[in-house]
Amino acid sequence: MNRKIYAIILMFGLLSTISLAGNKKVLILGIDGCRPDALLAANTPNIDKLWQNGAYSFTTQTDEISSSGICWTGMLTGVWHDKHKVVSNAYKNPNIEEYPHFFRRIKAQYPDLTTASIVNWKPIHNILQEGDADIQKRRLFDWWVTCKAKRTVKKQNLDVLFVALDAVDHAGHVNGFSLDSSKYLKQIEKADKQLGKIIKALKTRKNYQNEDWLVIVTTDHGGSAYGHGKNIPEHTTIFYIAHGPSVSKGKIMEDVNVVDVAVTALHHLGVEVREEWQLDGKSAGLK
Ligand SMILES: [Zn+2]
């Protein structure tokens with residue numbers, strides 16, 4: 001083959017590979033303390049659209065210590081508490097050197113990708129290390145988190161965004177984590193509206209048609225009566241919803257766990273998940 005033609009073909013091949021990797025993006029939306037049965041009972045058209053056209057599991061399991069710090073850390077590191085060592089919301093000595101936030105794994109392979117984390121409950125960020133998150137924001141109210149997320153999701157050079165709302169958990173602690181608690185269900189409906197706004201903003205991205213967004217909606221734990229934290233099904237059963245072109249639609253038949261979230265995100269972004277990392281999660285719901 002003519003050398004020039006060969007070089008041109010090689011260049012095009014390389015360019016298409018680069019743009020392909022660059023098109024993969026992840027949005028994770030977390031609703032603190034949202035029971036899956038309550039989510040299904042509440043009027044949540046935005047979230048319904050995602051699971052009805054995506055992959056889902058309403059029997060997903062979170063950490064047996066079903067408190068926020070432990071569960072969010074499992075979700076974002078891909079390992080259970082025996083490895084990440086966060087065993088209370090005090091976050092004493094998290095083992096982030098061995099089991100860092102998944103943003104760090106992304107950055108190690110793709111330093112140019114832009115990562116963002118916007119949360120209401122500040123301790124979620126305790127496991128972030130220098131350089132992990134390009135954008136790291138804490139806002140005191142869910143509406144404020146939503147505003148910030150809406151603005152961030154439109155940024156041209158954004159690749160991964162994690163958002164966590166907190167008011168549903170608060171409503172559960174005050175009014176009961178129960179299908180009989182209309183205030184708890186109302187707050188879930190409010191969260192659905194807020195997530196709907198973020199997803200609407202996502203779709204206005206200039207290059208949205210050429211991007212491959214994986215949207216994951218999930219929670220850290222459930223609850224019963226006015227609390228959570230125990231190793232009982234009402235507290236440890238959560239939901240996992242994945243939506244986007246790379247998803248295998250329908251109910252996920254295998255077991256899904258909270259630690260699968262980080263690994264699924266890594267997998268979607270094309271980050272090579274190495275054996276020596278000893279992650280507990282697996283990719284869930286992707287083709
Ligand atoms: Zn929580």
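1. Basis of the values. The model is predicted, so local features need pLDDT of at least 70 and side-chain atom pairs count only at pLDDT 80 or more, whereas totals for chains, interfaces and linings use all residues. Residues are numbered from 1 along each chain as its sequence is written, and side-chain values use heavy atoms, with hydrogens and water left out.

2. Secondary structure and overall form. The chain holds 11 helices and 8 strands; these are DSSP runs numbered from the N terminus, helices being H or I of at least four residues and strands E of at least two. With a radius of gyration of 19 Å, close to the 19 Å that the globule rule gives for 287 residues, the chain is as compact as a globular protein of that length. The radius is taken over C-alpha atoms, and the rule is 2.2 Å times the number of residues to the power 0.38. The C-alpha trace spans about 75 × 40 × 35 Å along its principal axes.

3. Burial and contacts. Of the 287 residues, 55% count as buried (buried is under 20% relative accessible area, exposed over 50%, partly exposed in between, with a 1.4 Å probe and protein chains only). Where contacts join residues at least 6 apart in sequence, 70% of them link residues at least 24 apart; a contact means heavy atoms within 4.5 Å.

4. Charges. The 36 positive and 30 negative charges have mean positions 10 Å apart. Lys and Arg count as positive and Asp and Glu as negative, while His and the chain ends are not counted; the places used are NZ of Lys, CZ of Arg, CG of Asp and CD of Glu.

5. Backbone exceptions. Most residues other than glycine have a negative phi. Asn 93, in the loop between α5 (81-84) and α6 (102-109), has a positive phi of about 45 degrees and is exposed at 69% relative accessible area. Ala 225, in the loop between β6 (212-218) and α10 (233-236), also has a positive phi, near 45 degrees, and is exposed at 51%.

6. Gly 176. This residue lies in the loop between α8 (167-175) and α9 (182-203) and is buried, at 5% relative accessibility. Leaving aside residues up to four places away in sequence, Gly 176 touches Ala 171, Ser 181, Tyr 184, Ala 225 and Tyr 226. His 243 is 67 residues from Gly 176 in sequence and 30 Å from it in space, C-alpha to C-alpha.
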